[in-house]
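Please examine the sequence and the three-dimensional model shown here before reading on. The paragraphs after it are meant to be followed with the structure in view.

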Amino acid sequence: TADGKRVTAIAASAFYGCTSISAVQIPATVQKIGDLAFAGCQNLTYISVSEGNQFYCDESGVLYSADKNTLIQYPPARGGESVTIGVQLKRVSAMAFYGCRYLRVVYFEGTAAEWERVIIASGNYSLISAAISTKQPEKKSGE
């Protein structure tokens with residue numbers, strides 16, 4: 001809550017460039033997240049969405065629309081050099097991958113032709129410079 005009122009929206013560019021944020025918890029009441037709300041937050045490592053949110057979800061700390069058609073924000077300081085993205089992805093929001101210093105490989109669960117149809121908005125330099133693979137990494141025994 002903010003001033004005793006439920007938070008239902010996060011304004012466009014609300015936290016743009018905020019270096020003091022390392023993690024975000026989106027409550028179930030949030031129905032709208034404006035463009036670039038968390039863009040440029042260079043120390044952001046994880047975004048989680050409360051169960052019951054009908055509009056947004058997270059996958060391993062990455063913020064998506066509830067149907068996972070849109071990847072909204074990949075935390076720039078998220079650990080690991082790779083991310084796996086589901087075949088249902090249709091769009092990557094502007095600056096969703098801006099400043100992702102550790103990202104090196106993106107594993108896409110669909111085909112190369114399906115990846116070519118994904119709309120990638122501007123400012124996604126880290127995504128564009130990463131290696132895109134439609135072949136999933138082999139799991140080690142016991143995983």
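Predicted model: local features only at pLDDT ≥ 70, side-chain atom pairs only at ≥ 80, totals over all residues.

Residues are numbered from 1 along each chain as its sequence is written, and side-chain values use heavy atoms, with hydrogens and water left out.

The strands provide a starting point. Strands (E, at least two residues) and helices (H or I, at least four residues) are DSSP runs, numbered from the N terminus. Two strands are said to pair if DSSP finds at least two bridges between them. Five strands make up an open sheet with mixed pairing, in the order β5-β6-β7-β9-β11. At its edges stand β5 (56-59) and β11 (119-120); each has a single partner strand, so one side of each is left without a neighbour in the sheet.

Four bridges pair β5 with β6 in the antiparallel sense, and C57 has Y64 as its bridge partner in β6. The hairpin of these strands has two residues between them, and S60 takes a positive phi near 55° there. Next, β6 pairs with strand β7 (residues 70-73) over two bridges, again in the antiparallel sense. Here Y64 stands opposite L71 in β7. The hairpin of β6 and β7 has four residues between the strands, with K68 taking a positive phi near 60°.

Buried means under 20% relative accessible area, exposed means over 50%, and partly exposed lies in between (1.4 Å probe, protein chains only).

A further open sheet consists of three strands in the order β8-β10-β12, with parallel pairing. Its edges are β8 and β12 (131-133), each with a single partner strand, so one side of each is left without a neighbour in the sheet. On average, neighbouring strands of this sheet are turned by 20° against each other, direction ignored; axes are lines fitted to C-alpha atoms, for helices over the stretch in contact, and angles run from 0 to 180 degrees between N-to-C directions. β8 and β10 run parallel and are joined by four bridges, with T84 opposite Y107 in β10.

What lies between these elements? In soluble globular proteins, nonpolar side chains tend to be buried together. A nonpolar core is a set of buried Ala, Val, Leu, Ile, Met, Phe, Trp, Tyr and Cys residues joined through side-chain atoms within 4.5 Å. The largest such core has 19 residues, and L71, Y74, I85, L89, F97, L103 and V106 have the most contacts inside it. At least two residues of this core come from each of β6 (62-65), β8 (82-85) and β10 (105-108). Apart from this core lies another of 15 residues, among them V30, I33, L44 and I72.

I72 lies in strand β7 and, at 16% relative accessibility, counts as buried. Contact means heavy atoms within 4.5 Å; not counting residues up to four places away in sequence, I72 touches Y56, L63, Y64, S65, S93 and A96. The C-alpha atoms of I72 and S93 are separated by 5.2 Å, although these residues are 21 residues apart along the chain.

N53 lies in the loop between β4 (46-49) and β5, and counts as buried at 10% relative accessibility. A polar atom of its side chain lies 2.9 Å from the backbone oxygen of P27, and a polar atom of that side chain lies 2.7 Å from the backbone nitrogen of F55.

Finally, the structure holds zero disulfides, a disulfide being a pair of cysteine sulfur atoms within 2.5 Å. The sulfur of C18 is 5.6 Å from the closest cysteine sulfur, in C41, which is too far for a bond.

Technical notes: Polar contact = N/O pair within 3.5 Å; in protein donor to acceptor, adjacent residues only side chain to side chain.
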